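User: Hey, I'm new to this one and would like a quick tour. Can we look at it together?
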Amino acid sequence: DLITLLRPSATEVHSKSSDVRDGVIAGLAAYLMWGLLPVYFKIVGSVDPLEVLAHRVIWAIPFGAIILLARRQWPEVKRALSHPQMRAWLALSALFIGLNWFVYIWAIQDNRIFETSLGYYINPLTNMLVGVLFFGERLRRFQSLAVVLATIGVMVLTFSGGQVPWIALFLAISFTVYATIRKKVVIGGMPGLFVETLLLAPVALAWFAYINSTGQAVFAGGDAGLTFWLLMAGPFTALPLLCFALAARRLPLTVIGFMQFLAPTLQFGTGVYYGEPLTTAHLICFSFIWTAVLVFSFDAVRTGRTKSPLAAPKGA
């Protein structure tokens, strides 16, 4: 049953091939859900982004609690909440993921899916730069080439459009900062997300109470279909992370590193589907980005190692 499936067991023995198969399925499910998330935010596109964000925070809590109960991870949550330093770090990470989520939701609803896709393409490269600037890491030759190619792509879009693609840069940088903070906290992905949403919940509830009192809230306003989709914000937030956690335990990080580019590729496809204007500058920019991705992936295979793209849920 579902409880048995989700519950980690030290005595359960899997064959290596079965582990890999299950890991690939879980990983693909995670990145498919993250990649198709723009479709969800288009469905609720008539709802103000702040209200969508509030629902994403609020409904992720009960759904996350069910998963934590099934996986017996409540001790991690209790430890984090009772430890002042861990709680402080998770409050800071909650702030960054909350900002990341809001900008992502707003950008999708404002028909700027291509920029969100660009942000998550360059996110692994911003991760590398943080490692160089703050942790004394050194870029290998092909990693440096990937960073240069991505930078050229962003600069092409900047100069041709007359403005910096700030949405892409904000999403990439905010998620990199978020992931860096989460590295300081020894806690699993699902327990960490649960604590973060718990810490954001008072603000989300206060905002929802305000818009409800002023008659601006859409939730439960007579449109049953829209109410249902807003309730689904919880599962759509927690399920991809659960699948990613299951995949990360079963697959080499190199494989996970390849899979991470599936999500922004699907986001790019949704941008095409919804008819966003694909300019020559976009095509040139993404050509450089895709080349950088190939170089990045080649280096990962060549060296046999890559870092996991997530410490916790994607902004998406």
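User: Let's start with Tyr-120. Which helix is it in?
Analyst: Tyr-120 sits in helix 7, which covers residues 113-135. Keep in mind that this is a predicted model.

User: Is Tyr-120 buried or exposed?
Analyst: Buried: Tyr-120 has a relative accessible area of 1%, and the cut-off for buried is under 20%.

User: What does its side chain make a polar contact with?
Analyst: The side chain of Asn-100, at 2.9 Å.

User: And how far is Tyr-120 from Thr-265?
Analyst: In space, 9.2 Å from C-alpha to C-alpha, while in sequence they are 145 residues apart.

User: Which cluster of rings does Tyr-120 belong to?
Analyst: One that ring pairs hold together: Tyr-40, Phe-41, Tyr-104, Tyr-120, Phe-175, Tyr-178, Phe-228, Trp-229 and Phe-236.

User: How many aromatic pairs are there in the whole structure?
Analyst: The search turns up 27. Take Tyr-31 and Phe-244: their ring centres are 6.3 Å apart and the planes meet at 85°, so that pair is edge-to-face.

User: What about Phe-228 and Trp-229, how are their rings arranged?
Analyst: Edge-to-face, because the planes are at 70°, with the centres 5.3 Å apart. Phe-228 is partly exposed at 43% relative accessibility, and Trp-229 is partly exposed at 28%.

User: Let's zoom out. How many helices and strands does the protein have?
Analyst: There are 15 helices and zero strands. The protein has 316 residues, and buried ones make up 50% of them.

User: What share of the contacts comes from residues 24 or more positions apart?
Analyst: That share is 86%, taken over contacts with a separation of 6 or more.

User: On to the inside. Which residues touch the most other members of the largest nonpolar core?
Analyst: Tyr-31, Phe-41, Val-44, Val-52, Tyr-104, Ile-187 and Met-190, in a core of 63 residues. Helix 6 (residues 84-109) supplies the largest share of that core, with 10 residues.

User: What other core lies apart from it?
Analyst: Another one, made of 24 residues, including Phe-114, Leu-157, Ala-172 and Val-293.

User: Back to Met-190. What does it touch?
Analyst: Leaving out residues up to four places away in sequence, Met-190 touches Gly-64, Ile-67, Leu-68, Gln-73, Ala-238, Leu-241 and Leu-242.

User: How long is helix 10?
Analyst: Helix 10 runs over residues 189-213, so to speak 25 residues on the count, and reaches 35 Å from its first C-alpha to its last. The expected span is 36 Å, at 1.5 Å a residue, and the helix comes close to that.

User: Where does helix 10 bend?
Analyst: At Ala-201, by about 40°. A proline, Pro-202, follows within four residues.

User: And what follows helix 10?
Analyst: Gly-215 follows helix 10, and its phi is positive, near 75°.

User: Which residues other than glycine have a positive phi, say Arg-72?
Analyst: Arg-72 is one of them, with phi near 55°. Arg-72 is in the loop between helix 4 (49-71) and helix 5 (74-82), and is exposed at 58% relative accessible area. Asn-111 is not a glycine either, and its phi is positive at about 60°. You'll find Asn-111 in the loop between helix 6 and helix 7; it counts as partly exposed, at 46% relative accessibility.

User: Last stop, Thr-270. Where is it found?
Analyst: In helix 14, residues 262-273. Thr-270 counts as buried, at 6% relative accessibility.

User: What does Thr-270 touch?
Analyst: Gly-35, Leu-36, Pro-38, Val-39 and Ile-113, again not counting residues up to four places away in sequence. A polar atom of the Thr-270 side chain also lies 2.6 Å from the backbone oxygen of Gln-267.

Conventions: Residues are numbered from 1 along each chain as its sequence is written. This is a predicted model: local features need pLDDT of at least 70, side-chain atom pairs count only at pLDDT 80 or more; totals for chains, interfaces and linings use all residues. Side-chain values use heavy atoms; hydrogens and water are left out. A nonpolar core is a set of buried Ala, Val, Leu, Ile, Met, Phe, Trp, Tyr and Cys residues joined through side-chain atoms within 4.5 Å. Buried means under 20% relative accessible area, exposed over 50%, partly exposed in between (1.4 Å probe, protein chains only). Helices (H or I, at least four residues) and strands (E, at least two) are DSSP runs, numbered from the N terminus. Contact means heavy atoms within 4.5 Å. The expected span of a helix is 1.5 Å times one less than its number of residues. The bend at a residue is the angle between axes fitted to the seven residues ending there and the seven starting there. A polar contact is a pair of N or O atoms within 3.5 Å; within protein, one must be able to donate a hydrogen and the other to accept it, and residues adjacent in sequence count only if both atoms are side-chain atoms. Rings of Phe, Tyr and Trp (its six-membered ring) pair if their centres lie within 6.5 Å; planes under 30 degrees apart count as stacked, over 60 as edge-to-face and the rest as tilted.
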